[in-house]
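Please open the structure in the viewer and follow the stops below in order. Each stop names a selection and then describes what is found there.

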Amino acid sequence: MNLALLWHFVKQDFSNRYSGVALGRGWLLITPLLQILIFVVVFGGLIGPRLPETHAGAYGYGIYLVSGVLPWTAFASTISRLTTVFFDKRGILSKVPLSLSMVALHIPLVEAITLAATLALFSLLALAFSVPLHAGFLALPLLILCQQLMAFALGLFGAILMVFLRDIREMVGVVTMLWFWMVPIVYTIDSVPHFMQAIQTYNPAWWFVREYHQIFVYGAAPDLGNIALMLAGGAAASGVMVRLLSYCEHQIRDAL
Amino acid sequence: MIRVEHVSKQYRIYRRHSDRLRELLLRQPLHDVKVAIRDVDFTLEAGQVLGIIGRNGAGKSTLLKLVMGVILPDQGAIRLSGRITGLLELGTGFNPELSGYENIAFNAALLGMTPDEVAQQRQAIIDFSELGQAIDYPVRTYSSGMTMRLAFSIAIHANPACLVVDEALAVGDAHFQQKCMSRIKQFRADGGAILFVSHDMNAVKVLCDQVMVLEQGGVVFSGTPDEAVNYYYRLIADMEDDAMALEAPASEISAITAREQTGNSYGSGEVRIHGARVVGQNSGSEILASGETADFIFDLAATAALEPVTLGIMIRDRLGQDIFGTNTYFLGRPLSFAAGERVSIAIRMAVNLGPGLYTVTAALHEKDNHITGCYHWCDNLLQFEVAGYSGPHFDGLCRLVPSLHVVSGPVA
């Protein structure tokens, strides 16, 4: 399986979602645009709390919310879609000899592209809401890579477990929902009890959400050391999972 | 080309998916083992067509999946040189919302074609598929035949070293099937290897150089297409005999009584047909090669002394047309019965008919006339199939036996 085919899988994924629709890929941006606006205006401007020390003034909380929700959505949806990817693609996998890990790889790619597009849109809006433009924005592609590497590793683990236990699909849904509320996305880290702040050190989602906050909310450069650690950790974990996947390949193919 | 070395494949059957996990954790087996393929070993060379036949569940699909590499063998090894391409099942890999044109790229990439190859072959694929304007419409608007044409066209243009052809080819109209066939033959002539799986024994005989018969996951016979197909028919016939033997006493007449209930049988009943079968001399079953000699056997029983009695048969094709009829009166062998006598009669003849399904209607009556004195009449009592040829090929319903002579002019 080659890169051209991987790219075809990515394109196929987008066209599956939006083909046959009059506005086509326009919906890829319309929905998140609306979501961003609602979050920023309703939660930021109308009913949201005020955040101190932000440039966006009254809309600070809205910006804070969206800069966490968008990456998280991509992260969680990558994991849950990866968990079922082999079953979703069983029609092709049971006919054409394709590498399992390459087939899996198109999911984090699709979600990364979607995230990149929505973040680009969000960046423009953030600038309009008087968030200053700064060099930290240049780190966004790296951050996307970090979080998607980690999501790839976790999602592959789910996909492998899925063969042994079909409940994994539901469990992933429950776990990501709980996990969402364990990350300071809706609330700020200062507003929760001490032990909640302490466990964030071990929360991979917080590792990258924090950096998005830095860029969008506080107008600061992200912590490059942290990014390097996430890259290394994500790559290592992905490597381990790809090995585990090839170890279980026999059983996975039989189960399809 | 393809080397399959002593390959075996077992499936673990779990009652529940969660048993896999429990087994892993508890370290105690919770599965049944189903042997899908046992010790299959063959080599497929370039330019050869290997047929695989067998009953449902014999392991044909599993073997194909192993060769294609979408499942892995438990023992043995499979070596391929070059690209192997199968016809994707209808719809697999096609995005129904995209046009045929757009689907070519993805499907071709799935089959291993590079973007350059796709660009080169695209027009040839469209031309061969004969989709015309429809190529720009979404695949969801296609009929199953159109989808299949596109799928076949892509597969054959992927330029594989080995092509796996299965039942998928049965879709599409006669014109395109013939086109596929000639393209497949062309592919073989160009040195391509073909693995051919089908229940269509005619196609197997026409196309294959060698045929393997699979039964319960193992190769039970391997040889020329004719031998293999006959072996296969005997296998089926034996199976049916076994099934009959289980319910022995009733079945002897059940076939007839069933007909009577549905109104296909009537007559005064002094002498009755209580059993009938067609047995090909080579095949041993009711599936015959064209030109094969077969016995049409009838078991008769009389309740009263009768003379003369005529046994007649009429062979009809699937459209119900009378194809051939004969009787013991025409043959100059009138029958006579004592009361309580049972006798079995065989009408033996070469079945010089074209391939197809045929029915046999049989009757017992007085002299040559079944209007005045009909003892027992059974519509569509038997069915047999003519599949394949025991001589040169021919077209049509009737097997005349031609020979060729030069009557004048230079000899070519």
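**First stop: an exposed residue**

Select R27(B), which is exposed, because 7 other C-beta atoms lie within 10 Å. The burial classes are defined by counting other C-beta atoms, placed from the backbone, within 10 Å of a residue's own: 20 or more is buried, 12 or fewer is exposed, and in between is partly exposed. R27(B) is located in the loop between α1 (18-26) and β2 (32-44) of chain B. Helices (H or I, at least four residues) and strands (E, at least two) are DSSP runs numbered from the N terminus. Phi of R27(B) is near 60°, a positive value in a residue other than glycine.

The model is predicted, with local features requiring pLDDT of at least 70 and side-chain atom pairs counting only at pLDDT 80 or more, whereas totals for chains, interfaces and linings use all residues. Residues are numbered from 1 along each chain as its sequence is written, while chains are lettered from A and ligands numbered from 1 in the order in which they are written.

**Two further backbone sites in chain B**

Select Q216(B), in the loop between β8 and β9 of chain B. Phi of Q216(B) is near 50°, again a positive value in a residue other than glycine. Is Q216(B) buried or partly exposed? Q216(B) is partly exposed, because 14 other C-beta atoms lie within 10 Å.

Then move to P308(B), in strand β14 (residues 306-317) of chain B. The peptide bond from E307(B) to P308(B) is cis, with omega near -10°. Most residues other than glycine have a negative phi, and most peptide bonds are trans.

**The sheet of 3 strands**

Select β2, β1 and β4 of chain B, which form an open sheet in that order with antiparallel pairing. Two strands pair if DSSP finds at least two bridges between them. The edge strands, each pairing on one side only, are β2 and β4 (75-80) of chain B. From one strand to the next the twist averages 25°. Angles run from 0 to 180 degrees between N-to-C directions, with axes fitted as lines to C-alpha atoms, for helices over the stretch in contact.

Strand β1 (residues 2-13) of chain B pairs with β2(B) in the antiparallel sense over 9 bridges. Within β2(B), I37(B) stands opposite K9(B).

**The sheet of 6 strands**

Next, display the open sheet of 6 strands in chain B, with the order β5-β6-β7-β3-β8-β9 and mixed pairing. At its edges are β5 (84-86) and β9 (218-223) of chain B, each of which pairs on one side only. The twist from one strand to the next averages 20°.

Helix α2 (residues 60-68) of chain B packs on this sheet, touching β3 (49-54), β5, β6 (162-165), β7 (193-197) and β8 of chain B, and its direction makes about 155° with that of β7(B). Two residues are in contact if their C-beta atoms, placed from the backbone, lie within 7 Å.

Strand β8 (residues 210-215) of chain B pairs with β9(B) in the antiparallel sense over 5 bridges. The bridge partner of V211(B) in β9(B) is G223(B).

**The two domains of chain B**

Colour chain B by its domain assignment: domain 1 (2-234) and domain 2 (247-389). The bounds come from an automatic or database domain assignment. The centres of domain 1 and domain 2 of chain B, taken over C-alpha atoms, are separated by 42 Å. Their contact takes 7 residues from domain 1 of chain B and 8 residues from domain 2 of chain B.

Finally, select chain A, which has 12 helices and 0 strands. Its radius of gyration (taken over C-alpha atoms) is 19 Å, close to the 18 Å that the globule rule (2.2 Å times the number of residues to the power 0.38) gives for 256 residues, so chain A is as compact as a globular protein of that length. Of the 256 residues of chain A, 40% count as buried.

The contact between the chains takes 23 residues from chain A and 25 residues from chain B. On the side of chain A that touches chain B, α1(A) gives the most, with 6 residues.
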